[in-house]
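Please look through the chain shown below.

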Amino acid sequence: MLLFGISTAHGEDLAIDLSHNEVAITTAFSGTDLLLFGATDQNKKSDIIVVVRGPKGKEIVRHKEHVMGLWINSGEMEFVGVPDFYTVASSRPLNEILPEDVLKREQIGAHRLVFSPIAGTTMGPEKQAAYHEALLRNKRRQGLYATDIGDVTFVGVNLFRTTLHFPAAVPVGDYRIETYLVRDDKIVTRHETEMRVHKIGVEEEIYNFAHQQAWAYGILAIIVAGLAGWVANAIFRKA
């Protein structure tokens, strides 16, 4: 898997860079950290917020009920525009840096993310909110939405840094790292950095095969699982 850092400057007084613009991850990948550092060109006390958003896609949330000893699906809801990965780091607690309406507008903080239900959904607002909350819990449980806000550390007045963690289960795709320079409760500058997550080596071959030839991959997986079971059974029978 590779992480490619491509910096694109949009602000007038904020410079950003990544410690590595390419990280190769083998099959033994167990997660990695990426250092983001930068500087402002004015000697004014400021705050920094860094938001990492993974590629967006569809997510289905199912509600299960325990009926006669069995768990069965009793309902589901599909959302679109859901980031596969989301994390935030800031120099102070978010509610001390920006007003709540601005945090909501920019969707800073996982609980402020807005997921749209798929077109045609007739479910009421309360049920939609319950499914929305369940989706957030699932993402946090999977380690794809950070439960804590990371730290952005200032070195002097205008130099700063933060460490961004990408877990072992980080999804592939195009990522966006947004860095906000905040002063006096207002966003002064916003800087956007694009990043891609790629599999390499054997993992890349398997990933491409699974996605490009799903049927063949499924049949092969069943055959391999069957052979593994047969071999294990033969070994234990002899033992």
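Which residue stands opposite Ile72 in strand 6? The residue opposite Ile72 is Glu65.

## About the model

This is a predicted model, in which local features need pLDDT of at least 70, side-chain atom pairs count only at pLDDT 80 or more, and totals for chains, interfaces and linings use all residues. Residues are numbered from 1 along each chain as its sequence is written, and side-chain values use heavy atoms, with hydrogens and water left out.

Helices (H or I, at least four residues) and strands (E, at least two) are DSSP runs, numbered from the N terminus. Strands of a sheet pair through backbone hydrogen bonds, either parallel or antiparallel. Here, three strands form an open sheet in the order 5-6-8, and the pairing is antiparallel. Strand 5 and strand 8 (116–117) are at the edges with a single partner strand each, so one side of each has no neighbour in the sheet. Helix 3 (residues 125–141) packs on this sheet and touches strand 5, strand 6 and strand 8. The direction of helix 3 makes about 85° with that of strand 6. Contact means heavy atoms within 4.5 Å. Axes are lines fitted to C-alpha atoms, for helices over the stretch in contact, and angles run from 0 to 180 degrees between N-to-C directions.

Strand 5 (residues 56–67) and strand 6 (residues 70–83) run antiparallel and are joined by eleven bridges; two strands pair if DSSP finds at least two bridges between them. Across from Glu76 in strand 6 stands Arg62.

## Salt bridges

Side chains of opposite charge can pair when their charged atoms come close. A salt bridge is a side-chain nitrogen of Lys or Arg within 4 Å of a carboxyl oxygen of Asp or Glu. How many salt bridges does a search of the whole structure find? The search finds 13.

One of these pairs is Arg190 with Glu106, whose closest N and O atoms are 3.5 Å apart. Arg190 is in strand 13 (residues 186–198) and Glu106 in helix 2 (residues 100–106), so the pair links distant parts of the chain, 84 residues apart. Is Glu106 buried or exposed? Glu106 is buried, with a relative accessible area of 17%, while Arg190 is partly exposed at 35%. Buried means under 20% relative accessible area, exposed over 50%, and partly exposed in between (1.4 Å probe, protein chains only).

Arg190 also meets Glu178 in a salt bridge, at 3.3 Å from N to O. Glu178 lies in strand 12 and Arg190 in strand 13, so this pair ties together parts that are twelve residues apart in sequence. Glu178 is buried, at 1% relative accessibility. Both Glu106 and Glu178 belong with Arg190 to a network of salt bridges, which also includes Arg53, Arg105, Arg176 and Glu192.

Another salt bridge joins the side chains of Asp174 and Arg196, at 3.1 Å from N to O. Asp174 is in strand 12 (residues 173–183) and Arg196 in strand 13, 22 residues apart. Arg196 is partly exposed, with a relative accessible area of 37%.

## The loop between strands 12 and 13

Asp184 is placed in the loop between strand 12 and strand 13. This residue is exposed, with a relative accessible area of 68%. The C-alpha atoms of Asp184 and Asp47 are 9.1 Å apart, although 137 residues separate the two along the chain.

## Aromatic pairs

A pair of aromatic rings is described by the distance of the centres and the angle of the planes. Rings of Phe, Tyr and Trp (its six-membered ring) pair if their centres lie within 6.5 Å; planes under 30 degrees apart count as stacked, over 60 as edge-to-face and the rest as tilted. The structure holds six aromatic pairs. Among them is the edge-to-face pair of Phe79 and Phe115, with 6.2 Å centre to centre and 65° between the planes. Phe79 lies in strand 6 and Phe115 in the loop between helix 2 and strand 8, so the pair ties together parts 36 residues apart in sequence. Phe79 is buried at 1% relative accessibility, and Phe115 is buried at 6%.

The ring centres of Phe85 and Tyr175 are 5.9 Å apart and the planes are at 50°, so this pair is tilted. Phe85 is buried, with a relative accessible area of 2%, and Tyr175 is buried at 3%. Ring pairs link Phe85, Phe166 and Tyr175 into a cluster.
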